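Have the coordinates open as you read.

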Amino acid sequence: DIDFSDGAHGDTVKSYFLNDAPNDWSVVEFLDTSGGFNPYSDVSGAVDKAIDEGCLMIIRSATGAWVHKDEWERAFDNGILPVNSHGSNTDGKDLSDPPYIAEFLCATGAEDVSDGDEETSSGVGLEMDAEPYDGSIAQSWAAPTIAAAIARQYNRGYTLQEARMFVRQACDDYSDGWDKETGYGTFVAGDPIPKRGLDIHDPFEIQIENIGNNFRKVTWVNNYIHPETVGVELLSDGSCVYNT
């Protein structure tokens, strides 16, 4: 795993991950030495290092996840799953980026499940919230909490994507389905994750396009676990499926 930040913040991200991760996992830290004013900016260099070091995940506890979409796709193509903070610790802030839940990026918010209200940003690309082991509500600490949970499930022999979806199933509101406030719900650090029985999960990047004559074109990206969740459908206003 790689953290992009400098000094105490990066060290704290690392400590949250290692607190929850299996003890055979380690962290490769990356420090931006490009000379820019933003210590989170050299995502390309960090992805290079992650590939060179054979990392499985990247943890980035910083805003602007979607700005680096192309780099996340490059990491994903090299077998690396990026886990990035959703974007803001501001209560109730609605973000339009990421614009959807992507196969190549896990965007995480933060939440205190005991008080019943929302603590950090929401939006269409939020996959799930997390409550770190110490009850904090900062997204910086939620991202390594989710990454560590994925690592736990990965160690049981699942792929990264399977592990990611098992963590969704361990979220408190998973049975209610996705919503933009908490995604699939909140994963509380240390909670049990199902050892087997992976549900059929939503595909990635669902898009709907009006193509005229009362038809809509619906496309989606396979989630790589259930191959039937990939394809194109043409739907009339009567919801009849004409072609799949």
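D191 counts as partly exposed because its relative accessibility is 30%, and partly exposed covers the range between under 20% (buried) and over 50% (exposed). This is a predicted model, by the way. You'll find D191 in the loop between β7 (186-188) and β8 (204-212). Its C-alpha atom is 9.7 Å from that of D172, and the two residues are 19 apart along the chain.

Now for the salt bridges: the count comes to seven. One of them joins the side chains of E29 and K14, with an N to O distance of 3.4 Å. That pair links distant parts of the chain, since K14 belongs to helix α1 while E29 is in the loop between α1 (7-20) and α2 (43-53), 15 residues apart. How accessible are the two partners? E29 has 33% relative accessibility, so it counts as partly exposed, and K14, at 27%, counts as partly exposed too.

Next, look at D48 and R74, whose side chains meet in a salt bridge at 2.9 Å, N to O. D48 lies in helix α2 and R74 in helix α3 (residues 69-77), so this pair ties together parts that are 26 residues apart in sequence. D48 is partly exposed, at a relative accessible area of 35%, and R74 is partly exposed as well, at 26%.

R74 also forms a salt bridge with E71, where the closest N and O atoms are 2.7 Å apart. Here both residues lie in helix α3, three residues apart, or about one turn of the helix.

Terms used. Residues numbered from 1 in each chain as written. Predicted model: local features only at pLDDT ≥ 70, side-chain atom pairs only at ≥ 80, totals over all residues. Heavy atoms only, no water. Helix = DSSP H or I, 4+ residues; strand = E, 2+ residues; numbered from the N terminus. Buried < 20%, exposed > 50% of the residue type's maximum accessible area, 1.4 Å probe, protein only. Salt bridge = Lys/Arg side-chain N within 4 Å of Asp/Glu carboxyl O.
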